[in-house]
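Here are a few notes to read alongside the model. Please keep the sequence and the 3D view open as you go.

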Amino acid sequence: MNIVLERQSRKPIYLQIRDRISHLIKSGALKAGDRLPSIRALAESLQVNKLTVIESYSVLEADGIISARQGSGYFVSTVIPACNNLKSTFAPAQNVMILESSSKCASFDTYTPLIHAQTQPGIINFGYGYPPPPKDINQIARRALKQEDADIYFPYDLPQGQINLCRQIAQMLVQQGLEVYPEDLIVTNGSQQGLSLAINYYLQPGDWVIVESPTYYGAISILENLGARIIGIPMTAEGMNLDLLEQYLHSHSPKLIYTITTFHNPTGLTTTQTHRQELLALAEKYECPILEDNAYEGLNFEPVPAPIKALDKHDLVTYLGTFSKTLLPGLRVGYMVVTGKHQPAMIERKFLHDIHTSSISQAIVSEYLASGHYRRHLNRLRTDNLQSRNAMLQALERYFPQEAKWTVPKGGLFLWVQLPDDIPMQTLRNEALAENVFLACRSAFFPDKQGYPAMRLTFRLPLEEIETGVAIVGKLLKKHIHKGVKSVANYHSLAHSI
């Protein structure tokens, strides 16, 4: 590999190496799957320190251009297959759903079968949306929990989280467009705890609350458990229907708007900057706080707008994030951005809830952020997820009936498939499970547990599982659609003969 270095250049040597390798890949001189020289071999040929080569390879890996294979070295990343049809066909009916009372816990009924399915061998689980564990998790954990520092993890800790981790999260969020200070952060046991703390802070039993329809089933369950009255504003292809939102802000005076602006769960949609500005303007006009849940932020395939919280000048928005969707769900480390008068009360609620988040989990996340491993890990996830998303979109085009409509997410882990009204969802789910495919279907994602027929599919799966699973579900869908068409034809034939 021919790399010429300019020793007198002001550009650092490691960046010169990066630029040259990147050029060789883009020009086709190095092709997908080609093995790069070992760190030692390249260092010797260029007469540079091995650490210089390591830094060059690390930057290339963070950019998704090369990838490391344990025990084998570094390779040019596989070319992500292009997807011809990136236009969303999602266009549901704009029906507002109102739920005044419920004793059902949608979250528990959805979560338990999903986890059981994940533990069963041979199941293609389209409902389980979590990343694979980082390959270096053991190394990072050992480094974070060095014996000489172990004593600091045993006593009680601050309710709002370890100071160093709060600083690191604040720096990360500043890069996403948020003006955040460490003292604005509260570290939580996953974003689910943040949801619970915020919802119980802003709402009392009987209060009206706005949610998107569909939305995250965990939020619906917390609201139901509290006894809140839920208004489900339908999603359009651009996000929550803002005309209907204003109508119900005016008529019902809700106490909170819950929204997922980036890689919405379950639809995968991302709202535009204009939509975010207009939603915030409505919230300000009607003095209604916003709870912005961005659990999937960071998993973007292309740039996304800054969160609504970045536009907030009146402490109206509480922002939620988590490392569960990018590192490990089992670490249970999330965070809240809470500003103004709400901050002290929210910290007190955190203290009363569980005193503080696990010090060991916080230390592991902190080490990931400090070491630079998190940035590289995120870039690998984005590359893998984009490849998987494109594979799923291509499979949907091949196997699903034309009556099905789906979203085209720009990141995250899910897409949403809207189906014809007469599809028997529970029957479809049971039939798919009989063929070892687990589906997360519509009911849990709507305030009234009904909604239109739809399913949430995760593309965070091996490519062969995506192909097989989509083919099975597509076959079942075509069977039910054919049955429906045949039944209608028989009905019209009978009516004509009478």
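**Notes on the pocket, a helix and a buried residue**

1. The lining of the largest pocket comprises 12 nonpolar, 14 polar and 8 charged residues. Here Ala, Val, Leu, Ile, Met, Phe, Trp, Tyr, Cys and Pro count as nonpolar, Asp, Glu, Lys and Arg as charged, and the others, Gly among them, as polar.

2. A word on the basis: this is a predicted model, where local features need pLDDT of at least 70 and side-chain atom pairs count only at pLDDT 80 or more, while totals for chains, interfaces and linings use all residues. Residues are numbered from 1 along each chain as its sequence is written, and side-chain values use heavy atoms, leaving out hydrogens and water.

3. Which element gives the most to the lining of the largest pocket? That is α13, with 8 residues.

4. Finally, find Ile260 in the loop between β9 (257-259) and α10 (273-285); helices (H or I, at least four residues) and strands (E, at least two) are DSSP runs, numbered from the N terminus. Ile260 is buried, with a relative accessible area of 3%. The C-alpha atoms of Ile260 and Glu292 are separated by 5.8 Å, although these residues are 32 apart along the chain.

Notes: Buried < 20%, exposed > 50% of the residue type's maximum accessible area, 1.4 Å probe, protein only.
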